[in-house]
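Here is a friendly walk through a two-chain model, written for someone who likes to check each value against the coordinates. Please keep the viewer open while you read.

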2 protein chains.
Amino acid sequence: MTIAEVSKKYNLTQDTIRYYEKEGLIPRVPRTESGIRNFDENSCNWIEFIKCMRDAGLEIEVLKEYVRLFWQGKNTVTERKQLLEKQRNKLLEKQKNINETLERLNYKINLYDEIEKGIRKDFTEKP
Amino acid sequence: MTIAEVSKKYNLTQDTIRYYEKEGLIPRVPRTESGIRNFDENSCNWIEFIKCMRDAGLEIEVLKEYVRLFWQGKNTVTERKQLLEKQRNKLLEKQKNINETLERLNYKINLYDEIEKGIRKDFTEKP
DNA sequence: TATTGACTTGGAGCTAACTCTAAGTGATAA
DNA sequence: TTATCACTTAGAGTTAGCTCCAAGTCAATA
């Protein structure tokens, strides 16, 4: 697979993919004889993994550390577990924030909706 | 309320609060005769609102726009509703990403846990 | 009265995560 | 064989969102 195909498949720019490789977030992608990246399944799996983690907001540096431990093999299992647990806690916190904000947005959207429809005439809104 | 108190109450740095005021995310805070910020309830409500939105990841520019519409009054209700709906969609998308990632983290944490405890000996892990 | 310490301002500096540029290579179409 | 086009590299530039700095003011304390 060329970088163009992978870029389309995972909706990441070619620059971003090259950046991830340069930073060691994904293992070095194999090349053709003429030096062009030729993504195999393993490369794709890594990209998919990193994209998933990044989309949820995990930091590049944290992912780098995880990948570094991963390549060191079995004896880093405990460290890796701790790292992932920490990130899980962060995500749970984020989830909470988002839910809180969603409730608030829903309240306001509903309020505006009632005002639009003329159901509600009084209108002294706090932030 | 002084900026120091507000900073502690909402867990925002004084710099951040001043930045939000400068950018127009919160209305201009009243001052004492000697020019020192004296936060009233309204100021606090705004700060609390902005903090909530920022914690969920809404962008400064979007919040600026919302605040701008807010001050224009009733006839921007429809626009405001649309803006908030768009942000709600973004949050729902984020929520989905986070849930997906949480599942993946849980799977891995559990795997590492089993390896640690010796329940699982085979160990050919993909990213 | 001198000093301390919390505040004020405008503006410069910083970090994360890309994103873009320039200069170059190699395979294919005209 | 010339031109086109997708790719390569190292490294510079950009953006969002703070964060820090310098110089100054003011009220309260030693």
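Sorted by class, the residues that line the largest pocket are 4 nonpolar, 2 polar and 7 charged. The model is a predicted one, and the values below are computed from it.

Let us stay with that pocket for a moment. Its volume is about 230 Å³. The lining counts 13 residues, and those closest to the pocket centre are Tyr107(A), Lys108(A), Glu125(A), Lys126(A) and Pro127(A). Which helices supply at least two residues each of this lining? They are helix H5 (77-117) of chain A and helix H3 (41-55) of chain B, so the lining draws on both chains. H5(A) gives the largest share, with 4 residues.

The second largest pocket holds about 190 Å³ of space. Its lining consists of Arg104(B), Tyr107(B), Lys108(B), Leu111(B), Arg120(B), Asp122(B), Phe123(B), Thr124(B), Glu125(B), Lys126(B) and Pro127(B). By class, this lining has 4 nonpolar, 1 polar and 6 charged residues.

### How the chains relate

Within chain A, two domains are assigned: domain 1 covers 1-58 and domain 2 covers 73-127. Their C-alpha centres lie 30 Å apart.

### A few residues up close

| Residue | Relative accessibility | Class |
|---|---|---|
| Leu69(A) | 2% | buried |
| Lys108(B) | 4% | buried |
| Phe70(B) | 12% | buried |
| Thr2(B) | 36% | partly exposed |
| Asn11(A) | 64% | exposed |
| Asn11(B) | 65% | exposed |

Is Lys108(B) buried or exposed? At a relative accessible area of 4%, Lys108(B) is buried, because the cut-off for that class is under 20%. Its place is in helix H5 (residues 77-117) of chain B. Leaving out residues up to four places away in sequence, Lys108(B) touches Phe49(A), Tyr66(A) and Leu84(A) in the other chain, along with Glu125(B), Lys126(B) and Pro127(B) in its own.

Phe70(B) sits in helix H4 (residues 60-72) of chain B. With 12% relative accessibility, Phe70(B) is buried too. Again without residues up to four places away in sequence, its contacts in chain A are Tyr112(A), Glu125(A), Lys126(A) and Pro127(A), while those in chain B are Trp46(B), Thr76(B) and Arg80(B). Three of these partners, Glu125(A), Lys126(A) and Pro127(A), are listed among the residues closest to the centre of the largest pocket. Phe70(B) and Gln82(B), 12 residues apart in sequence, have C-alpha atoms 13 Å apart.

Leu69(A) belongs to helix H4 (residues 60-72) of chain A. At 2% relative accessibility, Leu69(A) is buried. With residues up to four places away in sequence set aside, Leu69(A) touches Thr76(A), Glu79(A), Arg80(A) and Leu83(A).

Thr2(B) is found in the segment before H1 of chain B. Its 36% relative accessibility makes Thr2(B) partly exposed. Beyond residues up to four places away in sequence, Thr2(B) touches Arg37(B) and Phe39(B). Between Thr2(B) and Leu83(B) there are 33 Å in space, C-alpha to C-alpha, and 81 residues in sequence.

Finally, a backbone detail to check. Asn11(A) has a phi near 55°, a positive value in a residue other than glycine. This residue lies in the loop between helix H1 (3-10) and helix H2 (14-23) of chain A. For Asn11(B), phi is also near 55°, and its place is in the loop between helix H1 (3-10) and helix H2 (14-23) of chain B.

Note on methods. Residues are numbered from 1 along each chain as its sequence is written. Chains are lettered from A and ligands numbered from 1 in the order in which they are written. This is a predicted model: local features need pLDDT of at least 70, side-chain atom pairs count only at pLDDT 80 or more; totals for chains, interfaces and linings use all residues. Side-chain values use heavy atoms; hydrogens and water are left out. Domain bounds come from an automatic or database domain assignment. On a 1 Å grid over the protein atoms alone, a cavity is a set of points where a 1.4 Å probe fits but cannot get out, and a pocket is an open set with protein on both sides within 12 Å along at least five of seven lines; lining residues have an atom within 4 Å of a point. Grid points are joined across faces, edges and corners, and a volume is the space filled by probe spheres set on the points. Ala, Val, Leu, Ile, Met, Phe, Trp, Tyr, Cys and Pro count as nonpolar, Asp, Glu, Lys and Arg as charged, and the others, Gly among them, as polar. Buried means under 20% relative accessible area, exposed over 50%, partly exposed in between (1.4 Å probe, protein chains only). Contact means heavy atoms within 4.5 Å.
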